[in-house]
Amino acid sequence: FVRPQRYTFAFTEQAERFSLSFFDESYRGALRLCGTKSGRDLNKFEAAGLTPKMYDGTPVIAEARLNLICRKLYADTLREEGFALPELLQNYSAGDYHRMYVIEIEQILEREE
């Protein structure tokens, strides 16, 4: 799920494939920085000490303990009428509903220790 105002949104919309990266607890600070700053404003990889690299045309993060190479199968935007719990709509006061992606995991890359 990605909100339309996120910098990541354009990349997930344009790409046929993307990666999901998972980290050890030791990267909590780096991930906090990545979650609170926008890639529009700074190079988050550099600031967080992370190394982007390409794997068969898909970007991954070298320090991740696990990278999943995913192929996009379906995308749709959440709609107000789809919410079973109306109180959840308070999270969308700007109408900026998440875009949902259904993916197929094509490859699992584990970092070698």
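## Exercises on pockets and sheet

The largest pocket holds about 1,400 Å³ of space. This is a predicted model, in which local features need pLDDT of at least 70 and side-chain atom pairs count only at pLDDT 80 or more, while totals for chains, interfaces and linings use all residues. Residues are numbered from 1 along each chain as its sequence is written, and side-chain values use heavy atoms, with hydrogens and water left out.

**Exercise 1.** Describe the lining of the largest pocket.

*Solution.*
Step 1. A pocket is an open set of points on a 1 Å grid over the protein atoms alone, where a 1.4 Å probe fits, with protein on both sides within 12 Å along at least five of seven lines; lining residues have an atom within 4 Å of a point.
Step 2. There are 35 lining residues, and Thr 8, Ser 19, Lys 44, Phe 45 and Ile 61 are the closest to the centre.
Step 3. S1 gives the largest share, 6 residues.
Step 4. By class, 20 are nonpolar, 10 polar and 5 charged (Ala, Val, Leu, Ile, Met, Phe, Trp, Tyr, Cys and Pro count as nonpolar, Asp, Glu, Lys and Arg as charged, the others as polar).

**Exercise 2.** Work out the order of the strands in the open sheet.

*Solution.*
Step 1. Strands are DSSP runs (E, at least two residues), numbered from the N terminus; two of them pair if DSSP finds at least two bridges between them.
Step 2. The order is S1-S4-S5, with antiparallel pairing.
Step 3. S1 (17-22) and S5 (99-110) are the edge strands, each pairing on one side only.
Step 4. S4 (residues 66-77) and S5 share 11 bridges; Ala 75 has Tyr 101 in S5 as its bridge partner.

Conventions
Helix = DSSP H or I, 4+ residues; strand = E, 2+ residues; numbered from the N terminus. Points joined across faces, edges and corners; volume = space filled by probe spheres on them.
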